Amino acid sequence: MFFGKKMVDIYHDIMKEYIQEGDAVIDATVGNGYDTEFLCRLVGEQGCVHGFDIQPQALKNTKLRLEASHMDTRAKLYLASHDQVDEYVHEPVSAFCFNLGYLPQSEGNVVTQTSTTVPAVKKCLEALKKDGIGCILAYWGHEGGREEMENVDELLHGLPAKFYEVFRLENHNRANQPPILYLVKKLR
């Protein structure tokens, strides 16, 4: 159930249902590596997590986290924008995730942008195999965040229902721009 959980925990619970050992998945916004580590646990030793971030510090933090948990061989980390995913991932993926906003515990001066996020989501949807799942968590309380969230919302709302099922989950009575979680399942 959703009540009493953080949005990230909700989508982690959902991803557990769709990711199997040996799968390839995408972490489009590596950040400090929490999702990357979680995904590495799910894909196992034979799987691969493709992780993207434009900030060297984010990749360094993630690499250290994965080394400490002995899962660094399960991930390929790219110092690249998530809209370049198609240049690095050449296999169907069973899942992808985005955490939109800025790197936690940073100054918040580098944020995800509509200009790269929307093309990245499109490319991840193309890479998603049948019955795969995509999770996009939009933290939108920063400058430019509303525009990015609205553009992602428009993209997902316009996906053909015969190919994708899309849910939008938000805490409707919480103040201060609560995060919005989008869940996408590829049907064909």
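Figure 1. Contact here means heavy atoms within 4.5 Å. Strands (E, at least two residues) and helices (H or I, at least four) are DSSP runs, numbered from the N terminus. Ala95 counts as buried because its relative accessibility is 0%. Buried means under 20% relative accessible area, exposed over 50%, and partly exposed in between (1.4 Å probe, protein chains only). Ala95 and Ile26 are 69 residues apart along the chain, yet their C-alpha atoms are separated by 6.4 Å.

Residues are numbered from 1 along each chain as its sequence is written, and side-chain values use heavy atoms, with hydrogens and water left out. As the model is predicted, local features need pLDDT of at least 70 and side-chain atom pairs count only at pLDDT 80 or more, while totals for chains, interfaces and linings use all residues.

**Figure 2. The whole chain.** The protein has six helices and seven strands. Their order from the N terminus is α-β-α-β-α-β-α-β-α-β-α-β-β. The C-alpha trace spans about 40 × 40 × 35 Å along its principal axes. Of the 188 residues, 52% count as buried. Among contacts between residues at least 6 apart in sequence, 73% join residues at least 24 apart.

**Figure 3. The largest nonpolar core.** This core has 31 residues. Those with the most contacts inside it are Ile26, Phe96, Phe98, Leu125, Ile136, Leu156 and Tyr182. Two or more residues each come from strand S1 (24–27), strand S4 (93–100), helix H5 (114–127), strand S5 (128–138), helix H6 (145–157) and strand S7 (180–186). H5 gives the most, with six residues. Apart from this core lies another, of 24 residues, with Ile19, Cys40, Val43 and Leu137 among them. A nonpolar core is a set of buried Ala, Val, Leu, Ile, Met, Phe, Trp, Tyr and Cys residues joined through side-chain atoms within 4.5 Å. In soluble globular proteins, nonpolar side chains tend to be buried together.

**Figure 4. Contacts of Tyr182.** Tyr182 is one of the residues with the most contacts inside the largest core. Residues up to four places away in sequence are not counted here. Tyr182 then touches Gly134, Cys135, Ile136, Ala138, Met149, Val152, Asp153, Leu156, Phe167 and Arg168.

**Figure 5. Helix H2 and its cover.** Helix H2 (residues 34–43) is mostly covered, with eight of its 10 residues buried. The buried residues are Asp35, Thr36, Glu37, Phe38, Leu39, Cys40, Leu42 and Val43. Their cover includes helix H1 (7–18), S1, strand S2 (48–53), helix H3 (56–68), strand S3 (75–79) and S4.

Figure 6. Gly33 lies in the loop between S1 and H2. Gly33 counts as buried because its relative accessibility is 0%. Gly33 touches Thr62 and Arg65, not counting residues up to four places away in sequence. Gly33 and Arg146 are 113 residues apart in sequence and 24 Å apart in space, C-alpha to C-alpha. On the other flank, H2 is followed by Gly44, with a positive phi near 70°. Glu45 is placed in the loop between H2 and S2. Glu45 counts as exposed because its relative accessibility is 64%.

Figure 7. Most residues other than glycine have a negative phi. His70 has a positive phi, near 60°. His70 is in the loop between H3 and S3 and, at 68% relative accessibility, counts as exposed. Asp131 also has a positive phi, near 70°. Asp131 is in strand S5 and, at 36% relative accessibility, counts as partly exposed.
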